[in-house]
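Here are my notes on the model you sent. They are set out as numbered points, to be read with the structure open.

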Amino acid sequence: VGTGAWSQISGPNSANFVNIAYPATVVDNLITGTYVFEWTTTEGFCTSTDQITLQNDALPTAANAGIDQDICLFSPLTLSANTPLTGTGLWTQTAGPISVNILNPTSPTTSVIGALSGTYTFEWTISNGSCPPSIDAVDVIINDIPDQALAGPDQSLCNTDNTFLNGNNPTVGTGTWSQISGPNSATIVDPLDRQTQVT
């Protein structure tokens with residue numbers, strides 16, 4: 001009974017009704033912000049009104065969780081993402097051998113404690129209202145501390161141009177020989193062999 005008409009009560013700009021008298025009209029020319037629209041029905045001198053609030057959210061800033069990290073066990077672990085211009089960010093752990101403690105999950109830059117060796121994945125999610133969130137992930141590889149290097153006993157040689165080195169065999173990590181000093185450049189036959197020949 002009666003006729004209806006849409007009107008705009010408030011909003012960040014003037015919206016456009018495609019058909020002001022149609023109950024299910026399309027509204028365009030919207031920008032981000034909060035609008036209040038009113039539907040009024042009239043029959044003679046009688047009227048009835050009802051309002052609807054429309055929140056038009058902006059897309060969140062694109063998330064950037066930073067570069068992947070490769071660090072040593074017990075080294076400081078800091079996550080560094082971008083600061084959102086639109087929306088709010090949140091760090092979450094999505095993979096790893098154990099659950100760790102993200103000290104300040106809503107800060108783009110935060111410390112992480114309690115990690116053991118292994119590969120971890122963290123996601124930085126920027127959300128804003130009803131818009132789809134923007135998500136980016138960063139991988140962190142935490143390596144075990146290598147075995148202490150033992151190069152073997154010092155050697156005293158007599159008028160020779162070669163010898164064999166005798167380093168320890170690491171159970172964690174890999175070993176590599178290098179020359180630190182000497183009267184000439186020696187040739188390390190196999191730098192990865194703990195008992196390599198040097199000529």
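1. Start with the loop between strand E12 (134–143) and strand E13 (163–164), where Asn159 is found. This is a predicted model, and in it Asn159 has a positive phi of about 50 degrees although the residue is not a glycine. Most residues other than glycine have a negative phi. Asn159 counts as exposed because its relative accessibility is 81%, and the cut-off for that class is over 50%.

2. Where does Phe74 lie? Phe74 belongs to the loop between strand E6 (69–72) and E7. Its relative accessible area is 67%, so Phe74 is exposed.

3. Secondary structure. The chain has 14 strands and 0 helices. Read along the sequence, the pattern is therefore β-β-β-β-β-β-β-β-β-β-β-β-β-β.

4. Overall dimensions. How does the radius of gyration of the chain stand against that of a compact globule of 199 residues? The chain has 34 Å, whereas such a globule would have a value near 16 Å. Along the principal axes, the C-alpha atoms fill a box of roughly 120 × 30 × 20 Å. Of the 199 residues, 26% are buried.

5. The sheet E1-E4-E5. These 3 strands form an open sheet in that order, and the pairing is antiparallel. E1 and E5 stand at the edges; each has a single partner strand, so one side of each is left without a neighbour in the sheet. From one strand to the next, the twist averages 25 degrees. Strands of a sheet pair through backbone hydrogen bonds, in either a parallel or an antiparallel sense.

6. Pairing within that sheet. Strand E1 (residues 3–10) is joined to strand E4 (residues 33–43) by 7 bridges. Ser10 has Val36 as its bridge partner in E4. On the E5 side, E4 and strand E5 (residues 46–56) pair over 11 bridges, also in the antiparallel sense. Which residue in E5 is the bridge partner of Phe37? The partner is Ile52.

7. The turn between E4 and E5. The two strands form a hairpin with 2 residues between them. Gly44 sits in this turn and has a positive phi of about 65 degrees.

8. The sheet E7-E10-E9. This is an open sheet of 3 strands with antiparallel pairing. Strand E7 (77–80) and strand E9 (101–102) are at the edges, and each has a single partner strand, so one side of each lacks a neighbour in the sheet. E7 and strand E10 (residues 109–113) pair over 4 bridges. Thr78 has its bridge partner in E10, namely Ser111.

9. Thr109. This residue is placed in strand E10. Its relative accessible area is 48%, so Thr109 is partly exposed; the exposed class would need over 50%. Thr109 and Ser178 are 69 residues apart in sequence, and their C-alpha atoms are 38 Å apart in space.

10. The largest pocket. About 670 Å³ of space lies in this pocket. It is lined by 25 residues, and the closest to its centre are Thr163, Leu165, Ser181, Ala186 and Val198. What classes of residue make up the lining of the largest pocket? There are 10 nonpolar, 13 polar and 2 charged residues.

11. The second largest pocket. Its volume is about 320 Å³. The lining has 20 residues, with Asn168, Pro170, Thr174, Gly175 and Thr176 nearest the centre. By class, 9 of the lining residues are nonpolar, 8 are polar and 3 are charged.

Definitions and conventions: Residues numbered from 1 in each chain as written. Predicted model: local features only at pLDDT ≥ 70, side-chain atom pairs only at ≥ 80, totals over all residues. Heavy atoms only, no water. Pairing = 2+ DSSP bridges. Buried < 20%, exposed > 50% of the residue type's maximum accessible area, 1.4 Å probe, protein only. Axes fitted to C-alpha atoms, helices over the stretch in contact; angles between N-to-C directions. 1 Å grid on protein atoms, 1.4 Å probe; cavity = no way out; pocket = protein on both sides within 12 Å on 5 of 7 lines; lining within 4 Å. Points joined across faces, edges and corners; volume = space filled by probe spheres on them. Nonpolar A, V, L, I, M, F, W, Y, C, P; charged D, E, K, R; others polar. Rg over C-alpha atoms; globule rule 2.2 N^0.38 Å.
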